[in-house]
Every structure is written in C-alpha cells, then in structure tokens.
Amino acid sequence: MEKKLEPAKEGKEVIPGKLAVKVIAMPADTNADGDIFGGWILSNMDAAAALIARDRAKTRVATVAINNMTFHRPASVGDCIECWGEVVKVGTTSVTVRI
Ligand SMILES: CC(C)(COP(=O)(O)OP(=O)(O)OC[C@H]1O[C@@H](n2cnc3c(N)ncnc32)[C@H](O)[C@@H]1OP(=O)(O)O)[C@@H](O)C(=O)NCCC(=O)NCCS
C-alpha cells in the first residue's frame with residue numbers, strides 16, 4: 001500500500017527518508033541569471049532516487065518518470081544541496097521514490 005507522506009510546510013523542516021546525495025553548488029552549476037540551474041538540482045535528485053531505488057531493487061534501475069517537481073526557493077553558489085528520499089511504493093518491476 002502506498003505510504004502517505006505529509007507535504008513539507010513552509011518554515012518547518014519535514015525531511016522524510018534518508019540522505020542520498022549531498023553536494024555543494026558551484027559557479028559552473030548556475031543559470032544565466034546567476035542562480036543555481038534547476039536542471040542541475042533535478043539531476044542530483046534523479047541520482048539520489050536511483051541510489052535509493054537500487055538499494056531496494058538490488059539490481060540496475062532506470063528512471064521512467066519524474067512527477068511533481070517544485071522549486072520552492074532559489075539556490076546560490078556555495079549552498080549545500082541535500083537530496084533526501086525514501087521508497088513510497090513497490091510494484092512488480094517498479095519502485096516509486098519520493099525525493
Ligand atoms: C523504464 C523502461 C525500462 C520501462 O520499460 P517498459 O517495458 O516500457 O515498462 P512497462 O510498461 O513494462 O512498465 C514497467 C514498470 O514501470 C511502471 N511505469 C511505466 N511507465 C510509468 C510512468 N510513466 N510512471 C510511473 N511508472 C511507470 C509500470 O507501472 C511498471 O511498474 P510495475 O511493474 O511495478 O507495475 C523503459 O521505458 C525505458 O527504458 N525507458 C528509458 C529509461 C531512461 O533512459 N531513463 C533515463 C536514464 S536513467
């Protein structure tokens with residue numbers, strides 16, 4: 001059965017699951033306006049999801065879909081980006097991970 005998780009509330013830390021990726025945002029990761037590029041953040045989230053899914057599946061995994069990605073605040077050079085996550089659903093050949 002799919003596990004229901006509370007959505008993160010503004011101003012309140014709700015960090016479900018485990019830390020899978022931790023990395024510092026560098027100047028090379030910025031967009032044209034100098035903020036951190038969303039695609040770079042998403043890439044780290046995808047890597048975190050793959051690590052968590054692989055731990056569960058015990059075999060190679062591939063991302064089939066990314067649903068519901070929201071950028072709440074801009075990130076800056078020097079920020080520490082942490083990607084936390086957990087398995088929320090296990091299917092026959094698929095694993096759903098919330099990051
Ligand atoms: C992922 C992939 C192997 C799935 O192959 P497929 O034979 O078409 O998949 P199926 O239709 O048999 O579905 C396999 C599982 O994925 C799930 N799935 C398929 N499409 C999905 C989607 N859009 N969202 C969520 N789950 C999905 C199915 O529900 C099924 O899960 P279950 O076995 O637990 O019921 C194939 O689509 C693929 O190789 N895609 C490219 C992956 C890739 O390159 N990713 C980027 C780099 S990691």
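User: Let's start with Thr 30. Is Thr 30 buried, exposed or partly exposed, and why?
Analyst: First, a reminder that this is a predicted model. To judge burial, count the C-beta atoms within 10 Å of the residue's own: 20 or more means buried, 12 or fewer means exposed. Thr 30 has 16 C-beta neighbours inside 10 Å, so Thr 30 counts as partly exposed.

User: Where does Thr 30 lie in the chain?
Analyst: Thr 30 sits in a loop, between β1 and α1.

User: Which residues does Thr 30 touch, leaving out those up to four places away in sequence?
Analyst: Thr 30 touches Asp 35, Ile 36, Phe 37 and Val 77. Sequence distance and space distance are separate things to read. Take Thr 30 and Ala 75: they are 45 residues apart in sequence, and their C-alpha atoms are 9.1 Å apart in space. For the protein, take the contacts between residues at least 6 apart in sequence: 69% of them join residues at least 24 apart.

User: Now the whole chain. How many helices and strands are there?
Analyst: The protein has 1 helix and 3 strands. Read from the N terminus, the order is β-α-β-β.

User: How do I read the sheet? What is the strand order?
Analyst: Start with the general idea. Strands of a sheet pair through backbone hydrogen bonds, either parallel or antiparallel. Here the 3 strands make an open sheet, ordered β1-β2-β3, with antiparallel pairing. β1 and β3 (95–98) are the edge strands, and each pairs on one side only. On average, neighbouring strands are turned by 30 degrees against each other, direction ignored.

User: How many bridges join β1 to β2?
Analyst: 6 bridges join β1 to β2 (residues 80–90). Look for the partners. Val 21 has Cys 83 as its bridge partner in β2. Lys 18 stands opposite Gly 85 of β2.

User: And how many bridges join β2 to β3?
Analyst: There are 4 bridges between β2 and β3, and these strands run antiparallel. Val 87 faces Val 97 in β3, and Val 90 stands opposite Val 95. A hairpin of 4 residues connects β2 to β3.

User: Where does the helix go?
Analyst: α1 packs on the sheet and touches β1, β2 and β3. The direction of α1 makes about 40 degrees with that of β2.

User: Which residues make up the largest nonpolar core?
Analyst: The general idea comes first. In soluble globular proteins, nonpolar side chains tend to be buried together. In this model the largest nonpolar core has 10 residues: Ala 20, Val 21, Met 45, Ala 48, Ala 49, Ile 52, Ala 53, Cys 83, Val 97 and Ile 99. α1 gives the most, with 5 residues.

User: Which residues does Cys 83 touch?
Analyst: Leave out residues up to four places away in sequence. Then Cys 83 touches Ala 20, Val 21, Asn 44, Met 45, Ala 48 and Ile 99.

User: How much of the protein counts as buried?
Analyst: The protein has 99 residues, and 15% of them count as buried.

User: Last, the ligand. Which residues surround the ligand?
Analyst: Around the ligand are Ala 62, Thr 63, Val 64, Ala 65, Gly 91, Thr 92, Thr 93 and Ser 94. Next, sort the shell by class. The shell has 3 nonpolar residues, 5 polar residues and no charged residues.

Technical notes: Residues numbered from 1 in each chain as written. Predicted model: local features only at pLDDT ≥ 70, side-chain atom pairs only at ≥ 80, totals over all residues. Near = placed C-beta within 6 Å. Nonpolar A, V, L, I, M, F, W, Y, C, P; charged D, E, K, R; others polar. Core = buried A, V, L, I, M, F, W, Y, C linked by C-beta atoms within 7 Å. Helix = DSSP H or I, 4+ residues; strand = E, 2+ residues; numbered from the N terminus. Contact = placed C-beta atoms within 7 Å. Pairing = 2+ DSSP bridges. Axes fitted to C-alpha atoms, helices over the stretch in contact; angles between N-to-C directions.
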